[in-house]
Amino acid sequence: MEGVDKRADFEDLLPVMAIKLGGEGLINELCNGFQLLMDKDRGVITMESLKRNAASLGLQDLSEDELAGMVKEGDLDGDGALNQMEFCVLMFRLSPELMQESRFWLEEELKGYGF
């Protein structure tokens, strides 16, 4: 899929944001990003709202298929749109460094319980 190749070129800024803003600040920024992309009437990110607002996040060069792939990848409940939780989960999944760091801290915590 063409979108996978584009992801390799993506500069992962979430770890930098997490360091500078802290956990709560990062979540607030993700919520702000969701607000920018969502359909104001439905309260979710739809394919149409993503196409309409993609340029505000530097995604104007992504094809319609790539944008649809993003929505499909993040759509956990199968309703064809992204709610705020699905959007935040998708952003973390697209950040390999944050996922690795989260795994490390989870494993460290589990060691304390004998796992």
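Me: Helices (H or I, at least four residues) and strands (E, at least two) are DSSP runs, numbered from the N terminus; where, then, is L76 found?

Reply: L76 is found in the loop between α4 and α5. This is a predicted model, in which local features need pLDDT of at least 70 and side-chain atom pairs count only at pLDDT 80 or more, while totals for chains, interfaces and linings use all residues. Residues are numbered from 1 along each chain as its sequence is written, and side-chain values use heavy atoms, with hydrogens and water left out.

Me: Why is the pair of F34 and F87 called tilted?

Reply: The structure holds 1 aromatic pair. Ring centres must lie within 6.5 Å, and planes under 30 degrees apart count as stacked, over 60 as edge-to-face and the rest as tilted. The centres of F34 and F87 are 5.9 Å apart and their planes stand at 55°, so the pair is tilted.

Me: What makes this pair a tie between parts that are 53 residues apart in sequence?

Reply: F34 lies in helix α2 (residues 14–37), whereas F87 lies in helix α5 (residues 84–93), so the pair ties those parts together.

Me: Are F34 and F87 buried or exposed?

Reply: Buried means under 20% relative accessible area, exposed over 50%, and partly exposed in between (1.4 Å probe, protein chains only). F34 has a value of 2% and is therefore buried, and F87, with 5%, is buried as well.

Me: Which residues does F87 touch, leaving out those up to four places away in sequence?

Reply: With contact meaning heavy atoms within 4.5 Å, F87 touches L30, G33, F34, L37, I45 and L82.

Notes
Rings of Phe, Tyr and Trp (its six-membered ring) pair if their centres lie within 6.5 Å; planes under 30 degrees apart count as stacked, over 60 as edge-to-face and the rest as tilted.
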